[in-house]
Amino acid sequence: MKKAFRIIMVAFLIPYLISCSSKNEAVNPLNHHVIITYLTTGNKPTNSGTAEMLVKLNERLTELCNAELEIYYIPWYNYGTNYNLKLAEKDGSIDLIGTATDWLNAWDNANLGNFMPLSDEMLKTYAPKTWNSVSAEHWDSCRLNGNIYFCPEDNFTQWTNHGFMYRLDWAKEAGINGVHSWEDLTAYLQFVKDNKDVIPWDSNCSSSTFHAEGYIQSKTDYIIIDGVTSTNMIGSHRNDQTKVYSPFYEGKELVEYAKLMKKWNDMGVWPKNIMIERGGNRDNRDEFCAGLTGMEQHHSQTWYTTVYKQLQKNVPGADCGFFWFGEESQNLVYQTITHGAMAVSAASKHPERALMVYDLLRNDEECYNLINYGIEGVQYTRNSDGYRESVPNSKGITTNYWWGRNDALEIRDTQTAWAKFDEMCAEYNKYKIDYPFGNIVWDLTPVSTEIGNVVNVYGDYMANICYGQTENPEQYVAEFRSKLKEAGIEKVIAEIQSQLDAFNRQNKK
């Protein structure tokens, strides 16, 4: 029956495959078995769970498109550099590439010729379910010079906006009915310092960027423009998306933030030796989940998928709240739909088959479950309510498939606080706006030197600002801004403003 199905499928596709096949494929691209190599960021698994899953997955892929999947991992250490170097090789060793416009230089790699341009007809033929599920507007967000360069992960709900997780039960004990402002947070931390035998926030100084911009997002209508600097220093106003500016370079908020961080430092919110042991081995999240510190900083998603239930499991009676950056000003931007995306390597020998494999991973239920969860009955089971549970002592999988997840096929798991997720989504939906600059491909070439200089200045100064290591915060911020000016931040802002103006003029035609 399976063989017959495959024969029928191949016969149906032949007219399309003949007309759209590239020179790399035979007249009938399904008449020979191929290996499609998928590149992702993350450390290669050390157990056999992923390999066992791939055996099952490849049986299914062979049945449906006469191909199998291999995974190529870019380890997390120095991943940005190694990722770009691997893509630049263009030696035909990879086919599918996990990418992103906001953290994996997708547009830079498209401009450098590392991704294959994908015509509409090619996508309609070889990835038809994906083509039909993505709106015309979303496809346009993936175009450069008229060509599509990747498929967006636009059918998966995730919230990677940052904020602080805190002990809601401790906040209530302090007479604070939830933390909803930085003033509430400061009062909560003072209570923890005075009444609990823990360091209020046992940070290792690794998350300075996020709570600096988090304060600014909370006190203003600042929207980050993705992909200009890795330090998120350039953006616009939510209420005036035509003006480019940097609140790190102008405005009163950074000064107010620096003063607050000095206050936190004087309060003893973090360890006194935080700058000496910067990036040390402390794991604040593990400590928070064990009841050994009062606060953790990360994504909304980390809160509802991991921390909320883990804390309750480890500390009976504990409750975990989440104060999201921007809550005070109701300033919330939903991440770009290309926060995760899948490209095809420009050097792929089998681009049509690569698209067919991607279409199956994204839309075929059996393939989807295998690549995301593993083998049912071996690595996970479903309880009586249909929720997914890990099999105890099983060998898990590591595929880091963040480039084509699909809400329609997701299986909810028992570790996630789904009631909190649904509550949070209802609240976020009241305030969120879509990322407004997703259709703009910034050309950073004219200011690449200045951007590098500006980022270096940020690195020299920001940790001291974020952890209150300044005797005179106002003077220190002024010095920081003077160095930013010397580094060329005004030229960077002017260049991005010019490109935004040009895009807006063209868009009005």
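Begin by selecting Arg 353, which is found in helix H14 (residues 351-363); helices (H or I, at least four residues) and strands (E, at least two) are DSSP runs, numbered from the N terminus. This is a predicted model, in which local features need pLDDT of at least 70 and side-chain atom pairs count only at pLDDT 80 or more, while totals for chains, interfaces and linings use all residues. Residues are numbered from 1 along each chain as its sequence is written, and side-chain values use heavy atoms, with hydrogens and water left out.

Display the side chain of Arg 353 together with the backbone of Cys 65: the side chain reaches the backbone oxygen of Cys 65 at 3.1 Å.

Next, select helix H2 (residues 49-65), which contains both Arg 60 and Glu 63, three residues apart, or about one turn of the helix. Arg 60 forms a salt bridge with Glu 63, with the closest N and O atoms 3.4 Å apart. A salt bridge is a side-chain nitrogen of Lys or Arg within 4 Å of a carboxyl oxygen of Asp or Glu. Both Arg 60 and Glu 63 are buried.

**Further salt bridges**

The structure holds 20 salt bridges. For another of these, select Arg 405 and Glu 153, whose closest N and O atoms are 2.8 Å apart. This pair links distant parts of the chain, 252 residues apart: Arg 405 lies in the loop between E16 and helix H16 (418-431), and Glu 153 in the loop between strand E6 (151-152) and strand E7 (162-167). Arg 405 counts as buried because its relative accessibility is 10%; Glu 153 is likewise buried, with a relative accessible area of 5%.

Then move to Glu 376 and Arg 382, whose side chains meet in a salt bridge (3.1 Å, N to O). Glu 376 counts as partly exposed at 42% relative accessibility, and Arg 382 counts as partly exposed at 35%. To view a network, select Arg 60, Glu 63, Asp 364 and Glu 366, which are joined by salt bridges that share partners.

**Arg 388 in strand E16**

Select Arg 388 in strand E16 (residues 388-390). The side chain of Arg 388 reaches the backbone oxygen of Ile 411 at 3.3 Å. Leaving aside neighbours within four places in sequence, the residues in contact with Arg 388 (heavy atoms within 4.5 Å) include Tyr 373, Tyr 380, Thr 381 and Arg 412.

**Thr 338 and its surroundings**

Now select Thr 338, in the loop between strand E13 (332-334) and strand E14 (341-344). At 2% relative accessibility, Thr 338 counts as buried. The side chain of Thr 338 makes a polar contact with the side chain of Thr 101 at 2.6 Å. A polar contact is a pair of N or O atoms within 3.5 Å; within protein, one must be able to donate a hydrogen and the other to accept it, and residues adjacent in sequence count only if both atoms are side-chain atoms. Another polar contact, of 3.0 Å, joins the side chains of Thr 338 and Thr 336. Not counting residues up to four places away in sequence, Thr 338 touches Ala 100, Thr 101, Asp 102, Cys 142, Phe 150 and Pro 152.

**Two asparagines with positive phi**

Most residues other than glycine have a negative phi. Asn 145 has a positive phi of about 55° although it is not a glycine, and is found in the loop between strand E4 (143-144) and strand E5 (147-148). Asn 145 counts as exposed at 74% relative accessibility. Compare Asn 232, whose phi is also positive, near 55°; Asn 232 counts as buried at 17% relative accessibility.

**Helix H18**

Finish with helix H18. Among its buried residues are Tyr 476, Phe 480 and Leu 484. On the other side of H18, Gln 475, Lys 485 and Glu 486 are exposed. What covers the buried residues of H18 includes helix H11 (253-267), helix H17 (448-466) and helix H19 (489-507).

Key:
Buried < 20%, exposed > 50% of the residue type's maximum accessible area, 1.4 Å probe, protein only.
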